[in-house]
Amino acid sequence: MLATNDRCADPAKRRLARGQGSIVAPVRRVLSAGTILLALLAGAPVRAQMPPAETVRDAITGLPRQPVHVTAWPGGKKVAVTFVLYVEVWGTGHGPNFRTDMNGRDPDVVDEAFRTYAIDWGVTRVGRLFREQGVPLTIALNAQFPSAHPDIWRRLRESVPSAPILGHGLNNSTQLLPLGQGLAAQQAYIRRTLDLLEKETGRRPIGWSSPSVFPNGDTFPATAAEGIRYTLDSMDSDILSRLRTPSGPLLQIPYPAVTVDMGQYLSRGKEPADLERLWIDYVGELAREATADTAREATVVAIGIHPFVVGTPSGAAAMRRVLEALKALDPVWLTDTQAVFEASGR
């Protein structure tokens, strides 16, 4: 189990943290080299040897937030990489526009075909690719998707049966989080999402990624109150952090904005081959930094992928080259969000 450092300058905050019992006590001694070696050989993450970590106020929620330092991931790896496939419901007339100059047309044949192709062909193509490559995948799932597209969901699940599922709201267009309506409204929405996902998939998610990447300050405590243990709604770091909510700790797995394929593809005009270079460079530099400085703490990145981009034939070809390149990087641990959560010490 990974130890974290809970020492903060304010004694009142320190007492509050102890009362909640949500954060592991500070590391009080330095591990010997032999202990670290044994831990690495056992395939376990190693306790980080860091100075006392200061608690800061999270900019979005105002809640206490603390970095979670990891010396090494299982197997001695230094860079954890998890690809998250967004499986979403949009509905006719809703969704991303491939040609913004056509979105006023009725019918908008071009954009509707773009969206339909991603669901009917792209979702299963991505599942097959990750199965063939033997790389773990995480699924961020709109709760309405399995009933809206039962055959596609069945085929995806057959390809990646062990992929953890993140709650991703009800759909991605007409039923997003009820922002601005208060904490109780968000809790009810999240509970409804998790109830439906459990009914449709047989599993109740403990991870969350807000639909349309649109949470607010209430979303974090609301998810924690409904049993969510980790979230991808944090986008500003190379390492894990832990948010202390009134309902308990919420682990934040970094989901950097610059690595998400949809924003790069639609807003910045990047093709899959451009994203191939971006992803390889992004992870490769983290691996280079880890190799150059073996004392450097381990890092983690969750990379969002969508069937609109990597679900096309050209997108899948680029994605395959990415996976093959990352598998060749010795410091890299290709994993899923659940494994990262478990390795974090929870």
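I count two residues as in contact when they have heavy atoms within 4.5 Å. This is a predicted model, which I note before anything else.

**Whole chain.** With that cut-off, I looked at contacts between residues at least 6 apart in sequence, and 71% of them join residues at least 24 apart. I found 11 helices and 13 strands in the protein chain. Of its 346 residues, 51% count as buried.

**Helix H9.** I picked out residues 272-292, a helix of 21 residues. From first C-alpha to last, H9 reaches 30 Å, close to the 30 Å expected at 1.5 Å a residue. Which residues of H9 are buried? My list reads Pro272, Leu275, Glu276, Trp279, Val283, Leu286, Ala287 and Ala290. Looking down the axis of H9, I see these buried residues fall within an arc of 120°, so they line one face of the helix. On the face turned away from the buried side I noted the exposed residues Arg277 and Ala292. I then checked what covers the buried residues of H9: the cover includes strands E5 (79-87), E12 (299-305) and E13 (332-335), along with helices H8 (261-267) and H10 (313-327).

**H3 against H5.** Next I took helix H3 (residues 109-133) and helix H5 (residues 150-159), which pack at an angle of about 10° with axes 8 Å apart. That angle makes H3 roughly parallel to H5. From H3, I have Ile119, Asp120, Val123, Thr124, Gly127, Arg128 and Arg131 meeting Ile152, Arg155, Leu156 and Ser159 of H5.

Methods
Residues are numbered from 1 along each chain as its sequence is written. This is a predicted model: local features need pLDDT of at least 70, side-chain atom pairs count only at pLDDT 80 or more; totals for chains, interfaces and linings use all residues. Side-chain values use heavy atoms; hydrogens and water are left out. Helices (H or I, at least four residues) and strands (E, at least two) are DSSP runs, numbered from the N terminus. The expected span of a helix is 1.5 Å times one less than its number of residues. Buried means under 20% relative accessible area, exposed over 50%, partly exposed in between (1.4 Å probe, protein chains only). The arc is that of the directions from the helix axis to the C-beta atoms. Axes are lines fitted to C-alpha atoms, for helices over the stretch in contact, and angles run from 0 to 180 degrees between N-to-C directions. Angles under 35 degrees count as roughly parallel, over 145 as roughly antiparallel, 65 to 115 as roughly perpendicular and the rest as oblique.
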